Amino acid sequence: MAERISYDVKPPKIGPDAHEELERLLQTLHEHGILRFANDLAAANTHVAKVLVDGLNKEGTLNAIQNISILGMALSRIPPEQFYKVAFALKDAFTHVSTYKLEEKGTEAPGVTGAYKMLHDDALWQAITPIIEGLKIFAERLDKEVDKPISEFTGKPSSA
Amino acid sequence: MSKTTECTIIYDGKALSGQADIPLIEFLAEHDIHLSHVCYHRALGALQTCDVCWVEKDGELVRGCTLRTAEGMTVSSEGRAREAQHEGMDRILAKHELYCTVCEHNTGDCTLHNTVADMHIPIQRYKFQRKPYEKDHSNPFYTYDPDQCILCGRCVEACQNVEVNETLSIDFSMEHPRVLWDGDEKIEGSSCVSCGHCVTVCPCNALLEKTMQPDAGPFTSMPQELKRPMIDAIKTLENTIGAPPITAISVMDMKWRQPEIKRTKTVCTYCGVGCSFEMWTRERHILKVQPVVEAPANGISTCVKGKFAWDFVNDPKRLTTPLIRENGRFREASWGEALDLVARRLLEIRDTHGPDSIGFIGSSKASNEEAYLTQKIARLIIGTNSVDNSSRYCQNPATKGLFRTVGHGGDSGTIEDLQKAELVIIVGSNMSENHPVIASKLKAAQKHHGQKMIVVDPRRNEMAERATLFLRVKPSTDLIWASAMSRYMFDHGYANMAFLASQVNQVDEYRRSLEPFTLAFAEQMTGIPQAQLIEAAKMIGKAKSVCICWAMGITQHSHGADTSTALSNLLVVTGNYGKPGTGGYPMRGHNNVQGASDFGCLKNMYPGYEKVSDDQVRAKWAKAWGVPPEKLSDKVGQDNFLMVQDADEGKIKAMYIIGEETAFSDANSTNVHDAFTKLDFFVVQDIFLSRTAEFADVVLPGCPSVEKEGTFVNTERRIQRFYEVMPPLGDSRPDWRILTDLAARMGHDWGYTHPSQIMDEVAGIATIFNGISYERLEGWKSLLWPMKPDGTDTPLLYTDGFHTDDGRAVLYPLEWKAPEEDTDAEYDLMLDNGRMLEHFQSMNQTDKGHRVTSLSPNWFVEVSPELAAERGMEEGTWVRLTSRRGLVEVPVVVTDRMKGHVLFMPIHQGKPGLNKLTGEHHDPDVNTPAYKETAVRLEVLPKEKFNQPIPHGNFRYGNRTPLDGVPTQVVEVKWEREDYVSPLEQAPHPERF
């Protein structure tokens, strides 16, 4: 009589496993030429990188990258709620300008009386004052020499 | 943790509780707070050079690395401290160019990169400035780039105070300070022994393994003409966008390198110190060996071999397919065919000529589990006790001496005990070359704690130069001075009479045996002046704790067991056993020569030193293995030495040798080769086609330690696990698996699928290994046998008595016997021999890749200046050395390491090798050949002189520059510079300090 022995059943496979998924992915990448491109790129990586670096080292490229960065840096300093207000005010202003119809509002100049009335138009002055203040700050900032944007930005001097 | 060692500190306004009197940095780390630092290292302490860890305490700025925790300590890292930290880092960055994404070192453990990232540096204050020095590539293993060096001094501290090779320094009074080798600018030609300590601790890429260069990262191998403009472009952008976006890229780079880098704990496969470390690999490429503080035997220490000599692993000459001898050639074979052939032939020979017609030599470099399987096949399947290992050639005499006197065949304590000893005596051991990491520990104990050291040796080696007292002894006379010391102890009241009375047998008999060993006799025979003998005796007698280390200079003699016994007797007489900092320490030569014996590759012992001739023991092992006791032989087998002799005489018909180069390392190699050719069947299992394998009928490709799992036992009796770093190369297989498969083909299907199962089996049978398991050896954990079933181990032996029948030590009477071979009128010079630091045994491992070999490629003989003058020899003069067995021709090295008519030759190089000269005379107690007793004749040959037998770039020609250390001698010079200013001010020339 054979002795009683135990046997652990191997669980059946349900659905594709990772290897099968990978095979499918490889086939798709192959059919669409992506693998071929990746191979080409990998084989030529030094040359491609050299082209990139050469392009990167051009004054115009560096300026562009730095300027985009400056925009990013400026944007990073504006609280979103302020930027929202300004951005949407500009958006509304643009909308208004683009839909302005001369025929409806008339085209004649205000004249001296009209200008005098404008000087007493509180609503108009309320609208213009922030723009004038902004222009003053803008002019002040333009007067300030910037040697190194990151030092200006962080306040930390650097001779690096 | 007891309450008295706890404290609460206030850090940045937060109360933190933890251990008192530990470094603040470590304390904070335990609370997941990282106080930025660069030069501080757990193994080196506070060097105070980087100026990055500033904190404010009691209103003053102090370096945080210097603080130790204490109750109530209040520390702030904010405000002024933060400003000072950033200034410190800015000064570092004036000396180090950050190009981390294209730097090989950005693999995750670059302290500098990680600290810069942690500190969120917006932009570096000072421009990086180059130093007027070139990158040094002159060492075969590592480079030094002064432009990247931040002058933190970690390397200097490691070299001066951990390795204590005392090569590196920084002179901050120079206009452009840099790391110096022997005070000079080049590594080659300095005293640098390439131990790698400096590279291990370097916090950046200034000191970097060549194996990391150039492709440790995906972008690091691009050519310099591409790298340089890329770095320049990024630096330009950084002026506008600041450092954080660039640092973010380098952090990403560090992260995406991680999946392809594997870090695996392994244990060194060279000497018996048992260094463990992480091996960093990418696929099969070994990027670097990185020691860690947690490693129990070595900490951050390594030698040149452990750190750098791994080129053999991927060497194209590795055996990857079984080979079968056919028609006078080897042909490749499948594993099935090869193993079937081995199984069939061994069983045939057993059945035809009897079990004792087959001999096995296990490997002192393979694992414990593999040693166990080797003896299990020999004993259980073949039925012979003829199984041995290379300890026969080196360590058995030492073990015999310990068996006779105190009972256990292993070191009495740990490396820590050696460090604690008030006095260490080193006899017949070139420790700094053969066990370099233990030598470093002792050099450090001497340098920092005033440990005294006596060295007894015919050759003035490094330890002799450093010794408190060096006794240049005539070869083969060590038993005399050791016994004379014992007698002196009794005669002058230094013997520990209370200890002797309570714990030692045969005291009177032993004392009587000392009668002939007067100081006058000792002086006459050993050549050591009486005054020196007395000085040594007083040092031993007065010391509170004494350790004796000895090695092949004692054991490889015709009476090495007696001399080992004499040394142990001296320890017993002075009561130097069973206390911290005491005991006998035979220095085991191979990584697992201790384990091969411990796990049963001995002709008379089962694993755990259980005697084959003891019926109860035999019954125990037979029961465990499931056979009746009669199936196991109770007859002591043949050892290596006698197996070869028996093969020569036709008594042994088949041999199975695993990982041993017997054809090169056994004495009188001509006779060994003759014996091998007479075997009916010969199996060799190895990683290379060794000289021994050339005689084989079947060659089985095994694996080095990095391609398998297992355990080793080091010289301390410390059992450590090693893990698979990479899969076996080609069709090679782990040796334990080969042996398991072979046993199955011989009708014994043991079914091991992992070495842990083999260890579990041993732990269930051998008493001293009860309680051992792979779980208890996980990671950096280790155990020192003898074990107890509950898992407790025994770092220090004999604290509860001795391992003898009645628990008492034995003083073993001895008489001096003349060596079997001595000089005479014809063979008038004595030839000493031994290992060189940079090589290992037959060089089967160390000559691969040629980096190690480049340090000392040539064979040579060292002669004393007196002998050179007497025989008209100069450096490079060719000589013929003729012994009573054979002759070799080599160039000479004239050196004051030697004196008089004693020569020295390394054991590694040479096609015929040193054993062309050595003889079969041996210690009759243990059959260890007396390699060190070789008399030779020297003839000067009329040949053109050999240019630089030891290349002049070799470290042996260096001139060390000892320093107390960075905190005391180096950094203070920096602080005294005129341009060194407070960390709250801007420095005028931060690139210079």
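Let's start with confidence in chain A. The mean pLDDT there is 83, and 89% of the residues of chain A reach 70 or more. Among the elements of chain A, helix H1, residues 18–31, has the highest mean pLDDT, at 93. At the other end is helix H6 of chain A, residues 102–105, with the lowest mean, 63. Where pLDDT is low, the predicted coordinates should not be read in detail.

Now, where do the two chains meet? Chain A brings 22 residues to the contact, and chain B brings 19. On the chain A side, helix H3 (45–56), helix H4 (59–77) and helix H9 (149–154) each supply at least two residues.

Over to chain B, which is divided into four pieces: domain 1 covers 3–81, domain 2 covers 323–393 + 594–789, domain 3 covers 396–586, and domain 4 covers 829–947. Between the C-alpha centres of domain 1 and domain 4 of chain B there are 55 Å.

Let me pick out one residue of chain B, B:Val75, which sits in strand E5, residues 74–76. Is B:Val75 buried or exposed? B:Val75 is buried, because 21 other C-beta atoms lie within 10 Å, and the cut-off for buried is 20 or more. Leaving aside neighbours within four places in sequence, its contacts are B:Ile9, B:Tyr11, B:Leu24, B:Val55, B:Lys57 and B:Leu67. Take B:Tyr11 from that list: B:Tyr11 and B:Val75 are 64 residues apart in sequence, yet 5.0 Å apart in space, C-alpha to C-alpha.

Next, please find the sheet in chain B. Seven strands form an open sheet with mixed pairing, and the order is E14-E13-E27-E26-E25-E15-E16. Strand E14 (329–332) and strand E16 (387–388) of chain B each have a single partner strand, so they stand at the edges, and one side of each is left without a neighbour in the sheet. Further in, strand E13 (residues 323–326) and strand E27 (residues 698–701) of chain B run antiparallel and are joined by two bridges. If you'd like a residue to look for, B:Leu323 has B:Val699 in E27(B) as its bridge partner.

Finally, a helix goes with this sheet. Helix H9 of chain B, residues 335–353, packs on the sheet and touches E13, E15, E25, E26 and E27 of chain B. The direction of this helix makes about 130° with that of E27(B).

Note on methods. Residues are numbered from 1 along each chain as its sequence is written. Chains are lettered from A and ligands numbered from 1 in the order in which they are written. This is a predicted model: local features need pLDDT of at least 70, side-chain atom pairs count only at pLDDT 80 or more; totals for chains, interfaces and linings use all residues. Two strands pair if DSSP finds at least two bridges between them. Helices (H or I, at least four residues) and strands (E, at least two) are DSSP runs, numbered from the N terminus. Two residues are in contact if their C-beta atoms, placed from the backbone, lie within 7 Å. Axes are lines fitted to C-alpha atoms, for helices over the stretch in contact, and angles run from 0 to 180 degrees between N-to-C directions. pLDDT is the predictor's confidence in each residue, from 0 to 100. A residue is buried if 20 or more other C-beta atoms lie within 10 Å of its own, exposed if 12 or fewer, and partly exposed in between; C-beta atoms are placed from the backbone. Domain bounds come from an automatic or database domain assignment.
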